[in-house]
Amino acid sequence: MALSGSYSLVEYFGGDDGYRCGYCKNEKGNFSHGMWSHNMTVQDYQDLIDRGWRRSGKYVYKPIMKKTCCPQYTIRCHALKFQPSKSHKKILKKMSKFISNGELPAAPDEGEPMDSASGEAGPPEPTKVCQSDLKHIAATDSEKNVPKSPIVTEVKKNLVDSSAASSENSQNDSASVSGCDTAAKAPKPGMGADPSRPPCRKAKDLRKERRLQKDQIRQQGDGVSSTNAANANQPKTLEDFMSESLGESSSHRLEVRLVPVNFEDPQFAASYQQSVALYARYQMAIHGDDPSECSETEFRRFLCDSPLEAEQSPDGPEMGYGSFHQQYWLDGRLVAVGVIDILPTCVSSVYLYYHPDFASLSLGSYSALREIAFTRQLQKQSSKLCYYYLGFYIHSCPKMRYKGQYRPADLLCPETYIWVSIERCTPLLDSSRYARLNQDPNAGDARAVKDVGRALVLNRRTVMPYAIYSRKRKGPSDQAEVQQYASLVGQDCAERILLYRS
């Protein structure tokens, strides 16, 4: 589904060394396979997270489930079927009350569990693959002696135009989330207005816009409308609860902006320093980080550097696919940022950071509910996009079980890569940290490696199947390492993603 010229390029690092676990604090108990992604198409990343991978910046890792101290299972929520639980409704009503009446809960939040930025150790230093070198990638003449492969043919076609396509993939316009105020582009520096604040608007226009938003948001979510008399007895939808905070005489104004992670985007650039400061404040207050651990360099590496290429598709969402920051502005002040990836079949949550003064509003849970509603909105534009991925579910860490509350939900079986409902998984995980979640003894990995020789590698600006590269390679064989890599990404991805070999 990627545009012509798109490609993925990775360096595989293996997973022999143990690192400190961000959950149980075991100093050497965290084991994972890792690879550095120089570029990644959204379809390739979608396929990888459906095999248990996850990214931290450009580092993509997969826990070694039978070895790591806290096994991490990929979890997804069926966004279209989601109904808020009692605790979710309480959080939504708490936010609605705050927006409407300005009442911030006095009692601090009871330690809402959140993912840690330091949950995964940093990757080894990647090889410096010059982007200009990629423009000159050419298929080796040795391929003439090999039966024609549609895989190699397609890669050759894509890489010839990679430089031209990359300039077309950038997103020029930032998208606003439906149900929130539309943000105007920041004015040019020197015009007098603060580019980080929303423009002044007439109260009459704001009241009119809020009325329209309430009508629109009530009609989202499986076509259920709370204003329809025929459905008067139906339970309130997620969108119904959220629309309650859009009253015309609210004490506060909450605005949510969807901004592409792109320094050429005016909104992203204008709010960048505020995001950096907010991230540092959050990490120090909530996770107890040292200032050196949440510097601008770390922020950029972790939450701005993304391997995903921005892509547009005729049957995709209007804003396209790629990495985005969903910014929460309260009365013109940036108070929270949710980092997400929009992929072909899901919205994948990456991270959230917020101002500690608003911790009592349970912003971690509130933002997840907003992202589920956002997924439902996108599904109306792209029928395949119907899941919300919450990252990893860690049953062995009680504080991290909260992700299982967004139901209906599935966990990914670490052996067959088949989704299993969480209700069937929890009894297995209660008795063992690691479990094969798919209980069908005959089920296997449908994308298991059948021919590692068909895996594509990049060597000296040349793309070739591993079978050809291994014959040309001098020195000790690396087949065991390439075989391991291919088994982890699956046959399909191994035949599409370029594995860098020096």
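Predicted model: local features only at pLDDT ≥ 70, side-chain atom pairs only at ≥ 80, totals over all residues.

Trainee: How many aromatic pairs does the structure hold?

Mentor: There are 17 aromatic pairs in the structure. One of them joins Tyr12 and Tyr485.

Trainee: What makes Tyr12 and Tyr485 an aromatic pair, and why is the pair called tilted?

Mentor: Their ring centres are 5.9 Å apart, and the limit for pairing is within 6.5 Å, so they pair. The planes make an angle of 55°; stacked needs under 30 degrees and edge-to-face over 60, so tilted is the label that remains.

Trainee: Which parts does that pair tie together?

Mentor: Tyr12 belongs to strand S1 (residues 9-14) and Tyr485 to helix H13 (residues 479-489), so the contact ties together parts 473 residues apart in sequence. Both tyrosines, Tyr12 and Tyr485, are buried.

Trainee: And what about Tyr466 and Tyr469: why are they called buried?

Mentor: Buried means under 20% relative accessible area. Tyr466 has 3% and Tyr469 has 3%, so both labels follow from that cut-off. These two sit three residues apart in helix H12 (residues 466-472), about one helical turn.

Trainee: Which residues do ring pairs link into a cluster?

Mentor: The cluster consists of Phe263, Phe268, Tyr272, Tyr279, Phe299 and Tyr353.

Trainee: Last one: where does Arg257 lie?

Mentor: Arg257 lies over the face of Trp329, 4.2 Å from the ring centre. The distance limit for a charge over a ring is within 6 Å, so 4.2 Å meets that part of the test.

Technical notes:
Residues numbered from 1 in each chain as written. Heavy atoms only, no water. Phe/Tyr/Trp six-rings, centres within 6.5 Å; stacked < 30°, edge-to-face > 60°. Helix = DSSP H or I, 4+ residues; strand = E, 2+ residues; numbered from the N terminus. Buried < 20%, exposed > 50% of the residue type's maximum accessible area, 1.4 Å probe, protein only. Lys NZ or Arg CZ within 6 Å of the ring centre and 35° of its normal.
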